[in-house]
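Here are my notes for you to read with the model open beside them. Take the points in order and find each piece on screen as you go.

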Amino acid sequence: MRGGAPLVTARAVLWGFLCALGVLTTVTSGTAGAFARELRVADTHPADYPTVQALEQMGRVLAEHTHGRLTLKVLHSRLMGEEAETIQHVRAGALDMARVSMAPLNGLVPETVVPSLPFVFRSADHLHRVLDGPIGTDLARAFERHGFVALAFYDSGARSFYNSRHPLRHPSDLKGLRVRVQQSPLAEAMIRALGAVPAALPYGQVEVALRTGVIDGAENNWPSFDSARHFEHAQFYSLTEHSMVPEVLLVSRRLWDDLSTADQSALRDAARASVGTMRVLWREREDKARTAMVNAGILINEVDKAPFVAAMRPVWNRFTADPRLHELLQRIQAAE
Ligand code: GTR
């Protein structure tokens, strides 16, 4: 926009004021009107990862439906720090949105513990039905008590163990191994239950920890194992598929409350549409990553899951002692 010096100064003052409030990221004018907003959303993964691609697509839908009034800027590749940091920024209102795993939220939003439990979902279909139905709606509501609005849930496949020592066929094979887990007390407890030593490192530090031998292994889905290059230092991938911890698109409650009802529904609709996009992209990427890992010579072994289920089950009781969480667990189990 062109204008004389006083106008430019006035705009700069307004911009500074709004940013200081932590509410607006960018105020522009032009075809989109005087208060177009660019919402910043953080993601730990690189540009080609399905979550980032789904957010880019969501941004296109949002811009189209709001005639450019709301746009998304996807800050991928940990530009805004590790997941735990982006969660804190969103909570404080300093960052508009973040796409994160539920695990690093376990200490903040107690309800996220339940879908993060080992072996709680029977299949991807079971997970989808839970997240898409009334349980998902109630789960989303729980976030609002903690400074967030949960706009969408994504699934991120099953997580399995990988390490640099030997194939894991039985829980006893994990004894004494140092295994990286997500930053969550539940994740650490799961590893201890298997007799291994947990190292709760941020995602961005796992590759170097594997490379330098600080840890013997970690656990994750195929796309992350491949994309973060963990496979270069851990050739044994054992199909425990012990966890299907979902992911969530968080919005700052402060930003949300500041949006008009029309903009809130535009954001919700675009987020909802991104769930379908993400599921398609995810399935493609899982297949591609698995094939790439086979071609890279990774030694994959099947696992009899029963002893792993038995060894990890005690953490269920410990982490769902609260009756509210126990009820949520029962509802998830009862879901068809
Ligand atoms: C990935 C997930 C990331 C991050 C990472 C981790 O599967 O998509 O958001 O949580 O795992 O292990 O930290």
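1. How many bridges join β2 to β4, and do the strands run parallel or antiparallel? Keep in mind that this is a predicted model. The two strands run parallel, with three bridges between them. To spot one of the pairs, look for A42, whose bridge partner in β4 is A98.

2. Now look at what β4 does with another strand. With β11 it pairs in the antiparallel sense, over five bridges. One place to check this is S101, which stands opposite E247 in β11.

3. Is β4 enclosed or open? Five of its five residues are buried, so β4 is largely enclosed by the rest of the structure. The side chains are worth a look too: M97, R99 and S101 point one way, while A98 and V100 point the other way, and all are buried.

4. Next, turn to helix α3, which spans residues 83-92. Its buried residues include E83, T86, I87 and V90. They sit on the same side of α3, because they cover an arc of only 105° around the axis. Here's the background: an α-helix has 3.6 residues a turn, so residues three or four places apart point the same way.

5. What do those buried residues of α3 pack against? The answer is four strands: β2 (36-43), β4 (97-101), β5 (148-154) and β11 (247-252).

6. Leaving out residues up to four places away in sequence, S252 touches V90, G93, L95, D96 and G147.

7. Finally, zoom out. The protein chain holds 13 helices and 12 strands, and 54% of its 336 residues count as buried. Among contacts between residues at least 6 apart in sequence, 73% join residues at least 24 apart. The chain exposes about 14,500 Å², with carbon and sulfur atoms supplying 54% of that area.

Methods:
Residues numbered from 1 in each chain as written. Predicted model: local features only at pLDDT ≥ 70, side-chain atom pairs only at ≥ 80, totals over all residues. Heavy atoms only, no water. Buried < 20%, exposed > 50% of the residue type's maximum accessible area, 1.4 Å probe, protein only. Arc of directions from axis to C-beta. Contact = heavy atoms within 4.5 Å. Areas by Shrake-Rupley, 256 points an atom, 1.4 Å probe, with all protein chains shown as cover. Pairing = 2+ DSSP bridges.
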